Amino acid sequence: MCRNIKPLFNFDPPATKEEIHDAALQFVRKLAGTTRPSKRNEAAFDRAVRAIAACASELLDSMETSQRPRNREEEAAKMRARSAARFA
């Protein structure tokens, strides 16, 4: 899995459409092996991003959990601490 794609499920507040789109874009970039498609492939690239974002939204909306929602700030602080320890 691409390291830039962050978990989006079970957060308070829930993931935004922009966050879901960004994750879909990163996924398509990983699959395509490029960050910017050629003009010839741009329409297919954009369709793939939209389709994956729609599937991701559907997935997140249909998932259930008994765990309490995670706090975005706490999770970000944990990731910063792990990164600091890793690259210190």
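## Exercises on a predicted model

**Exercise 1.** Which residues is isoleucine 5 in contact with, leaving aside its neighbours within four places in sequence?

*Solution.* Set aside those neighbours. Isoleucine 5 then touches Ala23, Gln26 and Phe27. Remember that this model is predicted.

**Exercise 2.** Which residues form the largest nonpolar core, and which element gives the most to this core?

*Solution.* Start with the members. The core has 11 residues, including Ile5, Leu8, Ala23, Phe45 and Leu60. Next, sort by element. α1 and α2 are the elements that give two or more residues. Finally, find the top contributor. That is α1, with 5 residues.

**Exercise 3.** Is asparagine 10 buried or exposed?

*Solution.* Locate the residue: asparagine 10 lies in the segment before β1. Its relative accessible area is 17%. Buried means under 20%, so asparagine 10 is buried. Now check the backbone. Phi of asparagine 10 is near 65°, which is positive. Most residues other than glycine have a negative phi.

**Exercise 4.** Where is proline 13 found, and what is the peptide bond from aspartate 12 to proline 13?

*Solution.* Proline 13 sits in the loop between β1 (11-12) and α1 (17-32). The bond from aspartate 12 is cis, with omega near 0°. Most peptide bonds are trans.

**Exercise 5.** What span does helix α3 reach from its first C-alpha to its last?

*Solution.* Helix α3 covers residues 72-87, which is 16 residues. It reaches 22 Å, close to the 22 Å expected at 1.5 Å a residue. Look at the start of α3 too. There, a side-chain oxygen of asparagine 71 comes within 2.8 Å of the backbone nitrogen of glutamate 73.

Technical notes. Residues are numbered from 1 along each chain as its sequence is written. This is a predicted model: local features need pLDDT of at least 70, side-chain atom pairs count only at pLDDT 80 or more; totals for chains, interfaces and linings use all residues. Side-chain values use heavy atoms; hydrogens and water are left out. Helices (H or I, at least four residues) and strands (E, at least two) are DSSP runs, numbered from the N terminus. Buried means under 20% relative accessible area, exposed over 50%, partly exposed in between (1.4 Å probe, protein chains only). The expected span of a helix is 1.5 Å times one less than its number of residues. A polar contact is a pair of N or O atoms within 3.5 Å; within protein, one must be able to donate a hydrogen and the other to accept it, and residues adjacent in sequence count only if both atoms are side-chain atoms. A nonpolar core is a set of buried Ala, Val, Leu, Ile, Met, Phe, Trp, Tyr and Cys residues joined through side-chain atoms within 4.5 Å. Contact means heavy atoms within 4.5 Å.
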